[in-house]
Amino acid sequence: MHELSIAMSIVEMAQEEAELRGVRIEAVHLELGLLSGVVAEALLFSYEVGCSGTRLEGSRLIVKEVPIEVFCPACGAPKVLTSMQWFRCPDCSASTSEVIHGKEMIVTALEMRDECATTHIGSA
């Protein structure tokens, strides 16, 4: 299960940031594309396991799924696919293989807490 190694990398990155800023991480926000090859449920479970016994224990991993968006050559415009098995424009049925979005796996924000307040770093 490669989700565990991905989760451990996220935990490590967040721990480094928490130590650098002297804060506690409340939540990690992640954009996850449907074509990323990562199973969101397995990543969520792995994140909890990875946080156990660390400064991130009790923090949340908030996953925002990114739909598959392709460029339709016939329409000349981006289109969101309705199925990941059918790479055809949902409007004109033209075949397409140019993926614009859907492969992402990006940490977009960290929710941090110090003694005074909660801070958001990044754009979520």
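Author: Helices (H or I, at least four residues) and strands (E, at least two) are DSSP runs, numbered from the N terminus. The model is predicted, so local features need pLDDT of at least 70 and side-chain atom pairs pLDDT 80 or more, while totals for chains, interfaces and linings use all residues. Residues are numbered from 1 along each chain as its sequence is written, and side-chain values use heavy atoms, without hydrogens and water.

Reader: Which helices each supply at least two residues of the nonpolar patch?

Author: These are α1 (2–21) and α2 (40–51). The patch, of about 360 Å², is made by L4, M8, F45 and V49.

Reader: Why is L4 called partly exposed?

Author: Partly exposed lies between buried (under 20% relative accessible area) and exposed (over 50%), with a 1.4 Å probe and protein chains only. L4 has a relative accessible area of 34%, and is therefore partly exposed. This residue is found in helix α1.

Reader: What makes β3 and β4 a pair?

Author: Two strands pair if DSSP finds at least two bridges between them. Strand β3 (residues 69–72) and β4 have 4 bridges, in the antiparallel sense; therefore they pair under this criterion. V70 has K79 in β4 as its bridge partner.

Reader: Why do β4 and β5 stand at the edges?

Author: The open, antiparallel sheet has 3 strands in the order β4-β3-β5. β4 (77–80) and β5 (99–101) each have a single partner strand, so one side of each is left without a neighbour in the sheet.

Key:
Patch = residues over 30% accessible without salt bridge, like charges linked within 9 Å, V, L, I, M, F, W, Y side chains within 5 Å. Areas by Shrake-Rupley, 256 points an atom, 1.4 Å probe, with all protein chains shown as cover. Salt bridge = Lys/Arg side-chain N within 4 Å of Asp/Glu carboxyl O.
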